[in-house]
Amino acid sequence: MSAKGKTAWAIAGFMLMAAMTGTIWFYSSGFTLKEPTYIFIDRDDNIDSVSHKIAKDCKPQSIRAFRLYSMLFKLEKRIRTGKYEVRPDMKMMELVRDIRNHNERPIKIIIPPVRTVNEMVRRIAPQLMIDSMEIVEYINDTTNLRQMGYSKETLPSLFIPNTYEVYWDITVQDLFARLQKENDAFWNEKRLAKLQEVSHYAGEEMTKEKVSTLASIIDSETANNPEKPNIASLYLNRLRLGMPLQSDPTIKFALQDFTLKRILYKHLEAESPYNTYKRTGLPPGPICIPSIAGLDAVLNHTKTNYLYMCAKEDFSGTHNFEAEYSKHQQNAARYARALNQLGIR
C-alpha cells in the first residue's frame with residue numbers, strides 16, 4: 001500500500017475513534033454530585049433557564065450534553081414544571097427524559113395547626129409552586145367554598161394538620177381536592193360514629209364542623225393534650241345546659257388581638273358572634289386550625305360534671321376543674337393574685 005493510502009487509512013481510523021469517543025462521552029455524560037439534588041422547574045422556565053439551573057446546582061460533567069439531548073428530544077416544546085431529582089449515578093439523557101415525560105418527584109407538605117387560614121396560606125405557599133395570592137383568591141371565592149361544602153367561617157375545619165405527599169407543581173384546585181380527600185380519610189367510620197355519641201352528650205347535633213370549632217377552642221385553651229378530654233367534657237356540659245361557653249380565646253379571636261395576656265371586663269363587651277360570654281352555643285366556626293389531638297379529645301371526651309375551669313396559679317399550662325361555682329371562684333382568685341404579682345394586667 002502506498003504512503004498516500006496508509007495516510008488515508010490512518011485519518012479514517014482517527015476519525016472513527018474520535019466519533020466513538022464522542023459517542024461514548026455523549027451517552028455517558030452525567031454529574032459529579034456526591035448526593036442527590038433537585039431542580040425546580042416553574043411556569044416561566046425555558047431551555048436557557050433550565051440549563052442555567054442544571055449548571056448552577058447539579059455539577060454536570062458537561063452542560064453541552066443537556067443542550068444536545070434537549071435538541072434530540074425536542075425538549076424546548078415539552079418542558080414540564082415540577083421537582084426533578086438529579087442523582088450522582090444519573091446520566092444527562094435520563095434527566096432530559098424525566099423532564100420531558102414529567103417524571104417529577106413528590107414533596108412533603110406540612111399542614112400545621114395554626115391560628116388563621118391566612119397564616120396557613122403563608123406557611124404552605126412557599127412549599128409549592130402556587131403563589132399565595134392564588135390560594136387567597138381561591139378561598140375568597142364563595143362559589144369555590146360552596147362547592148367544597150364550607151363557608152368562610154367553617155373553612156378552617158377542612159384542614160387536618162399532618163404531613164402529606166403532593167407534587168410541587170400541584171394546581172390550587174387539585175391542592176384543595178387533596179385536602180378534602182385527607183379530611184374524608186380522617187373522618188372515617190369510627191370517628192363518624194363518635195359524632196352520635198358526642199351529639200347525645202351535648203344535647204344537640206354535633207357536625208364535623210362543630211366538632212372542629214369546639215376542638216379549636218380547646219386547643220386555644222391548652223397545649224396539654226391529656227387535659228383536652230376534660231375541657232371537652234366541660235364545654236359539652238355547658239352546651240347541654242344552655243350555658244355560655246365563656247372561653248377567653250374566643251374573645252381574643254373576636255377582637256383579633258392575640259397578644260392579650262389577660263381578658264378584662266371591657267373585653268367581654270365585644271360585639272361579635274365569637275363572643276362566647278355574650279352568646280350561647282358554639283361560635284360560627286373554628287378560631288384556629290384544630291389539631292388532631294383536639295379533634296379526638298372532643299370525640300373521646302371524658303364524662304364529668306365539670307362546668308368551670310381556671311388556669312393554675314403555678315403557670316404550668318394546666319387547669320383546675322370544678323363543678324361548683326364557689327370553688328371555681330377560689331381558684332380564680334388565686335390565679336388573679338398570681339397575675340398581679342407578675343404585673344400582668
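A residue counts as buried when its relative accessible area is under 20%. Keep that in mind on this tour of a predicted model.

**Stop 1: helix H13**

Select residues 292-299, which make up helix H13. Pick out Gly294, Leu295, Ala297, Val298 and Leu299: these are the buried residues of the helix. Now show what covers them. The cover includes helix H8 (172-186), H9, helix H10 (208-221) and H11.

**Stop 2: where H9 meets H11**

Stay with two of those covering helices. Select residues 189-202 for H9 and residues 228-241 for H11. Their axes are 7 Å apart, and the helices pack at an angle of about 55°. H9 and H11 are therefore oblique to each other.

On the H9 side, select Val198, Tyr201 and Ala202. They meet Ser233, Leu236, Asn237, Leu239 and Arg240 of H11. Colour this contact by class, and five residues come up nonpolar, two polar and one charged.

**Stop 3: the largest nonpolar core**

Next comes the largest nonpolar core, with 60 residues. Start with Leu155, Phe159, Leu175, Phe176, Met206 and Tyr235, which touch the most other members. Keep H11 on screen too: with six residues, H11 gives the most to this core.

**Stop 4: around Phe176**

Centre the view on Phe176. Leave out its neighbours within four places in sequence. Phe176 is then in contact with Ile135, Tyr138, Ile139, Met148, Leu158 and Phe159. Tyr138, Phe159 and Phe176 are linked into a cluster by ring pairs.

**Stop 5: Phe315 and Tyr335**

How many aromatic pairs does a search of the whole structure find? There are 10. Select one of them, Phe315 with Tyr335. The ring centres are 5.8 Å apart, with 55° between the planes, and the pair is tilted.

Trace each partner back along the chain. Phe315 sits in the loop between strand E5 (308-311) and strand E6 (319-322). Tyr335 belongs to helix H14 (residues 325-341). The pair therefore ties together parts that are 20 residues apart in sequence.

Finish with a surface view.

Conventions:
Residues are numbered from 1 along each chain as its sequence is written. This is a predicted model: local features need pLDDT of at least 70, side-chain atom pairs count only at pLDDT 80 or more; totals for chains, interfaces and linings use all residues. Side-chain values use heavy atoms; hydrogens and water are left out. Axes are lines fitted to C-alpha atoms, for helices over the stretch in contact, and angles run from 0 to 180 degrees between N-to-C directions. Helices (H or I, at least four residues) and strands (E, at least two) are DSSP runs, numbered from the N terminus. Angles under 35 degrees count as roughly parallel, over 145 as roughly antiparallel, 65 to 115 as roughly perpendicular and the rest as oblique. Contact means heavy atoms within 4.5 Å. Ala, Val, Leu, Ile, Met, Phe, Trp, Tyr, Cys and Pro count as nonpolar, Asp, Glu, Lys and Arg as charged, and the others, Gly among them, as polar. Buried means under 20% relative accessible area, exposed over 50%, partly exposed in between (1.4 Å probe, protein chains only). A nonpolar core is a set of buried Ala, Val, Leu, Ile, Met, Phe, Trp, Tyr and Cys residues joined through side-chain atoms within 4.5 Å. Rings of Phe, Tyr and Trp (its six-membered ring) pair if their centres lie within 6.5 Å; planes under 30 degrees apart count as stacked, over 60 as edge-to-face and the rest as tilted.
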